[in-house]
Amino acid sequence: MADEEKSYTFAVVPKRTNSPYWQVVRNGCELRAKRLTKELGANIACLFVGPPEGGPETEANQAAMVEDLIDGKYGPIDGIALAVVEASSAETLIDKSIAKDIHVVTFDTDAPGSRRLAYIGTDNVGMGRELGHVLLQINSDGGKYGMVGTNGANILERYAGVREALAQSKWTEVPDSPKDCGGNNTLAVQQMFELAEAHPDIGAIIPVGAWPMNENVTWQGFVDEHPNVLTVVGDSLQGQLDLMNQGYANALVGQLPFQMGSFAIDRLLEVRQSQEAGTGLPFNDAIFPTSFLDVVNIPQDLPKIVIDMNYLGSWVILGYTFLGVILALALGFAAFTLVKRGHPILRKSQPSFLIMVIAGVVVASLAIIPMSVDDEKYSTQACSIACMATPWLLSVGFVTAFSALFAKIWRVNKIFHNPNRFKRIKVTEKDVLAPFAILLAINVTTLICWTVINPLMYERQPSSGTDYWNREYKSFFGSCVSSTDAAGGSLPYLIILACVNIITLLIANWQAYQARHVNVEFQESKYIALATASMLQAFVIGFPVVALLREDPQAIYIVFSLLIFITCAAILLLLFVPKIVYLRTYDSEQESKKRSSESVVSGVSAASQTNRLKFNILQVKSARRSTGGELDESDEAGGASKDQGVSADEDGDQRRRSSIVWEDEAEEEGKQSN
């Protein structure tokens, strides 16, 4: 809005005024003020004031000038843009300025803990990263490097950025880096000579600001004397550009000080006009970043572009190792089940169920084989067959193992949550085959449709990018894809398989939750619940991984192989290790009970024989007394002999009864297990 009576004066306070860098800031603010005066019809002025030189007194000199601005010694001021020398003293100055209704923005260097409205300038950590990135761009082979700068807050951030960029590279910083030149141009060049002399094998020196290049002749002398030392320098002033054009620098990463001066006038004017309009402050604690300028000498002997085909390579060894472990466990547990199938513990667990689980685990783990196939060693047709074989093996293996696990946990709930607890309940193989048949039918039907209508095909797809020198390169990755021309590609089939199998897994986990308080022998329901939970976790983790790592076949292979291994191993170990442990405990307890039973029977027989002998003697004596007769020794001995015969017969009968009871108990255990 044109208003010729309006007049605004904005003060721009640098760290010093005799530097080419700060003079560019001055040019930016003064030119922007002139343009705004023409555009708005108002009188807008840039008052550029600051210490003439840098040094130990810079902070105090700058603070005195800012206080003069606040006190009106330079005339009315509508806003201040301050290049912070020291954050703590700047906070005090900003508070004083706001007390006089003069708002402040900072530029070049910030005081983030102050009440300033905004920071305008370079992301100094980002600038440091760019310096390191450019060094890697010129030479990625690495070596030793050093830095030159000051102890200013913004310079310390640049150091951090350089180190971050080079942290994972072959470049290492020398111990006496960085050097503090205190903003002195002559000292900065001298410190570069010191680094080169102290470290004859140093490969690069990074002055994070323009100071050493401001000493034109001395800088040229350094470069001529140390032609093998790469120089990547902060800032891109005209004098630096001239030296680089002459071959006296490898790269410059410049700030845009002109943009800082121009932005400062824009932001301060925006604040002042908002105050006048009564609309409040337009921003607070804002950041207005300026851009970088990279100037790099591009070498003529650039390395050739390497095409990355992203083959699985030696990673398949990891997958086959996982498969070998799973197959070894499966064979071992299958042999254990067959050998011990007549044992009461195995009969209770139903060996047919256990064999079914083992078969499902084996089939699912075999999916690692087609997953290990790519076109580095196999034809595209073979890779396409492998693509379609993977979901077949995973689905059929899952259904087989899951059906047995589901039937077992359902069996536990059916028995212990039955209203008539005294009614005998028997779960047969048909009970397992029912959910198995249903799930298998759905999975197989879906897979057949997928295979016939829109099968997975192996394709190599490009992934474009650029190298350090912005040269376009091609990276290729192999993947299994269905044609998107036919009813949405592979997505409908994946959705059907995922929904059906995840829903059944959720039902199984709910069954496991219901059985959490059931106390059965060796707590089989708990281990089955853990096994079904591991299967659910594999589904939940697997699908997001495919989406996130679609262009990284090596990462997909590693993650999926690991998921298959962990899931299959968890199922086998959770089901069989507790059984093996309990079987040994059971056998030990039964042997102990048998020995104890035999000891008790023997003791009872002996006591019975003695008591019967005494009883017979008493009967004979009583009879003789009643008839007036006497009991002679032969009668007593005969009675004893007869009684011993009876007792012996009773002892044998007792032993037989004891044996029958033990066998009946074993038989009853067999009936219960069935």
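Helices here are DSSP runs of H or I with at least four residues, strands are E runs of at least two, and both are numbered from the N terminus. Welcome to this predicted model, in which local features need pLDDT of at least 70, side-chain atom pairs count only at pLDDT 80 or more, and totals for chains, interfaces and linings use all residues. Residues are numbered from 1 along each chain as its sequence is written, and side-chain values use heavy atoms, with hydrogens and water left out.

- Helix H15 covers residues 429–453 and contains Ile438, which counts as exposed because its relative accessibility is 54%.

**Inside the protein**

- A nonpolar core is a set of buried Ala, Val, Leu, Ile, Met, Phe, Trp, Tyr and Cys residues joined through side-chain atoms within 4.5 Å.
- The largest such core has 42 residues, and the members that touch the most others are Leu135, Tyr145, Ile205, Ile206, Val208 and Trp219.
- Helix H6 (residues 185–198) gives this core its largest share, 6 residues.
- Another core lies apart from it, with 41 residues that include Leu354, Met356, Val361 and Ala569.
- Leaving aside neighbours within four places in sequence, Ile205 has contacts (heavy atoms within 4.5 Å) that include Gly146, Met192, Phe222 and Val232.

**Helix H4**

- Helix H4 (residues 124–138) has 15 residues and reaches 21 Å from its first C-alpha to its last, close to the 21 Å expected at 1.5 Å a residue.
- That expected span is 1.5 Å times one less than the number of residues in the helix.
- H4 is mostly covered, with 11 of its 15 residues buried; among them are Asn124, Glu130, Leu135 and Gln137.

**Backbone details to look for**

- Most residues other than glycine have a negative phi, and most peptide bonds are trans.
- The peptide bond from Ser177 to Pro178 is cis, with omega near 5°, and Pro178 sits in the loop between strands E7 (171–173) and E8 (179–180).
- Asp101 is not a glycine, yet has a positive phi of about 65°; Asp101 belongs to the loop between helix H3 (87–99) and strand E4 (104–107).
- Asp235, also not a glycine, has a positive phi of about 80° and is buried, with a relative accessible area of 6%.

**Charged pairs**

- A salt bridge is a side-chain nitrogen of Lys or Arg within 4 Å of a carboxyl oxygen of Asp or Glu, and the count comes to 19.
- Glu30 and Arg26 meet in a salt bridge (2.9 Å, N to O); they are separated by about one helical turn because they are 4 residues apart in helix H1 (residues 20–40).
- Arg272 and Asp78 form a salt bridge at 3.3 Å, N to O, linking distant parts of the chain 194 residues apart.
- Both Arg272 and Asp78 are buried.
- Asp176 and Lys179 also pair through their side chains (3.8 Å, N to O).
- Salt bridges that share partners join Asp78, Asp101 and Arg272 into one network.

Note on methods. Buried < 20%, exposed > 50% of the residue type's maximum accessible area, 1.4 Å probe, protein only.
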